[in-house]
Amino acid sequence: MIFRRDIQMPINNNELEKDKIYAEFNNEFPLEKLRNLTLEEYTNTARSNSFCYWVETKTEKLGSIWGGSAYKFGIFKIDGEIKGRKGTLSDNEYAWYSKYGKSREEAYTNIRSNIIRLVEADQKENFEEIDSIDLGNVYKWKIAFLYSNKKLLNIYLPEAIVYLANKYDGNFNINSPISKMQQVILSNCDSRKSI
């Protein structure tokens, strides 16, 4: 039987596979690559190695963010026709939330900047800063987990985090900072098992 030295827990094949996926993601998208990531590398319907595809699909075993619309990525390449929504823009190739900018270039620059800020906060273990970064909660906390060296939970749905945090401290609601709820949950766990 294989044991992890840090927590002395047996590792099964499923955990080894998850560790492999985690390492592959971090090898594919280190912070330095993110700084220069093009829009085409971020989101592309024909590429199975875009950042968005990795976060949603290739790392699904590390926690799912399926559901909702592709707007969760802030900007995405359109595959077919798309219905506009209030607060969104489109140039018939990409669609994005208008709060990020008037053009796809401006929107993507702001989204990439938010992701870089998130990863930098994550690497400093300044998880509280992540709460204020303008990206959708599910998406940003999945990214945060992927860059946290497994120091965060791989549960991204705010309602699930509220439910778990209230098992230890009944003072949380859907508007509570996710970083604080994560802290309460993790501080009350006997040991942090591998993802």
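E56 counts as buried, because its relative accessibility is 13% and the cut-off for buried is under 20%. The model is a predicted one. E56 lies in helix 4, which covers residues 51-58.

The side chain of E56 makes a polar contact of 2.7 Å with the side chain of K72. Leaving aside residues up to four places away in sequence, E56 touches I65, W66, K72 and F73.

The loop between helix 3 (39-42) and helix 4 holds N44. With a relative accessibility of 9%, N44 also counts as buried. Apart from residues up to four places away in sequence, N44 touches S50 and K77.

## Packing of helix 8 and helix 9

Helix 8 spans residues 158-168 and helix 9 spans residues 178-187. The two pack at an angle of about 45°, and their axes are 9 Å apart. Helix 8 and helix 9 are therefore oblique to each other. The crossing of helix 8 past helix 9 is left-handed.

On the helix 8 side, the residues that meet helix 9 are P158, I161, V162, L164, A165 and Y168. Helix 9 contributes I178, M181, Q182, V184 and I185. By class, the residues of this contact comprise ten nonpolar, one polar and no charged.

Note on methods. Residues numbered from 1 in each chain as written. Predicted model: local features only at pLDDT ≥ 70, side-chain atom pairs only at ≥ 80, totals over all residues. Heavy atoms only, no water. Helix = DSSP H or I, 4+ residues; strand = E, 2+ residues; numbered from the N terminus. Buried < 20%, exposed > 50% of the residue type's maximum accessible area, 1.4 Å probe, protein only. Polar contact = N/O pair within 3.5 Å; in protein donor to acceptor, adjacent residues only side chain to side chain. Contact = heavy atoms within 4.5 Å. Axes fitted to C-alpha atoms, helices over the stretch in contact; angles between N-to-C directions. Parallel < 35°, antiparallel > 145°, perpendicular 65-115°, else oblique. Left-handed = near helix turned anticlockwise from the far one by under 90°. Nonpolar A, V, L, I, M, F, W, Y, C, P; charged D, E, K, R; others polar.
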